[in-house]
Structure formats: C-alpha cells, structure tokens
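User: I'm new to this one. Can you walk me through it?

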Amino acid sequence: GRGCAWSDGWMDRLAYDQTVSRLADEQSLPTWIQEADSHVAQSAERQHVLRDVPASKAEETDMRAREEAKRARYDLMRALAAFLSDEAAEAELLSFSLRYNAQNIPFEDRAGLVVGMFVHLQAPTGPAAVVAAVMAFLRGGDLAELHRALAI
C-alpha cells in the first residue's frame, strides 16, 4: 500500500538515529544490551536498510518520498544548529518530531509538511523561516501557523 513519507521516512530515520545514539552511550545501557551491543546495532542496521529497498515498482515513488523526508529532517537539523548549539538543535528536532507525530491530522497534511520543509529548506531565506515556524509550534503548539508557514 501507499506509504507515508512522514512515518516511513522522517520518523523511521529518527527512531534509527535514536537507537544508534543510545547504543553509543554504553554506560546507560543494561548489561545484557552492552554484552550484545554489536549484534543489536547490526540488527538495527539490517532492518533499517531493508526498509529502503522497494519491494515493487509501485513502491519506488514511496521510496523517493521517504528519501525527501529523511533529507528534510537532516536539513532541519542543520538549520536548527545554525541558531542553536548542536545539542539543543537535536533536542528541539526530537521535541518537534514527537509533538508533530502526536497530532491528529490527515495523511495529506503530514505529507505536505514533509514537502513544505524539503522545499523551504532549499530556498535562500527558507531555513530561518522554517526554524521560526518550528520553534513557534514548539512554544505555542499552533499547528495552523506551522502549516501556513510551510504553505500546506
């Protein structure tokens, strides 16, 4: 079936990156994971790579949308890091992703957010405008303003 660039691209990559990050901080892991660390990391990598292999011709379009979503997420991280420390940018990206993901909104709006971010973050003045919209959403939760800023 038709995939969702937000869920299958943005959030999937976020989950993978969070997994890798947590595995890198061995002191905070339970002993049984520390002992199996390389197996857990290899398994996570295998599963993540398999998600990026289209099972059919019809999935190739979905794959392009997923790649754009992953790129938009990385571009947003870079845009946030231009205004914040790397650590703060990562925290804001995680907060934004989880908060937006929790919204009860139509599939089309999620897809529109991904496309809007991808396009706006490529424009010369886009990153600052996107960062302002994301931070306003995090401070006040104004979903409509976020969607307006990204022309959804």
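Analyst: Here is a short tour of a predicted model. Residues are numbered from 1 along each chain as its sequence is written. Local features need pLDDT of at least 70 and side-chain atom pairs 80 or more, while totals for chains, interfaces and linings use all residues, and side-chain values use heavy atoms, without hydrogens and water.

User: Which residues touch the most others in the largest nonpolar core?

Analyst: Trp6, Trp10, Leu76, Phe96, Tyr100, Met117 and Leu146 touch the most other members of this 31-residue core. A nonpolar core joins buried Ala, Val, Leu, Ile, Met, Phe, Trp, Tyr and Cys residues through side-chain atoms within 4.5 Å. Buried means under 20% relative accessible area (1.4 Å probe, protein chains only).

User: Which element gives the largest share?

Analyst: H7, with seven residues. Helices are DSSP runs (H or I, at least four residues), numbered from the N terminus.

User: What is Trp10 in contact with, leaving aside neighbours within four places in sequence?

Analyst: Ala5, Ala69, Ala72, Arg73, Leu76, Leu93, Phe96, Ser97 and Met117. Contact means heavy atoms within 4.5 Å.

User: Met117 again. Which residues of H6 are buried?

Analyst: Arg110, Ala111, Gly112, Leu113, Val114, Gly116, Met117 and Leu121.

User: How far does H6 reach?

Analyst: Helix H6 (residues 107–122) reaches 23 Å from its first C-alpha to its last. That is close to the 22 Å expected for its 16 residues, taking 1.5 Å times one less than the residue count.

User: New topic. By class, what lines the largest pocket?

Analyst: Six nonpolar, two polar and five charged residues. Here Ala, Val, Leu, Ile, Met, Phe, Trp, Tyr, Cys and Pro count as nonpolar, Asp, Glu, Lys and Arg as charged, and the others as polar. A pocket is an open set of points on a 1 Å grid where a 1.4 Å probe fits, with protein on both sides within 12 Å along at least five of seven lines; lining residues have an atom within 4 Å of a point.

Conventions:
Helix = DSSP H or I, 4+ residues; strand = E, 2+ residues; numbered from the N terminus. Buried < 20%, exposed > 50% of the residue type's maximum accessible area, 1.4 Å probe, protein only.
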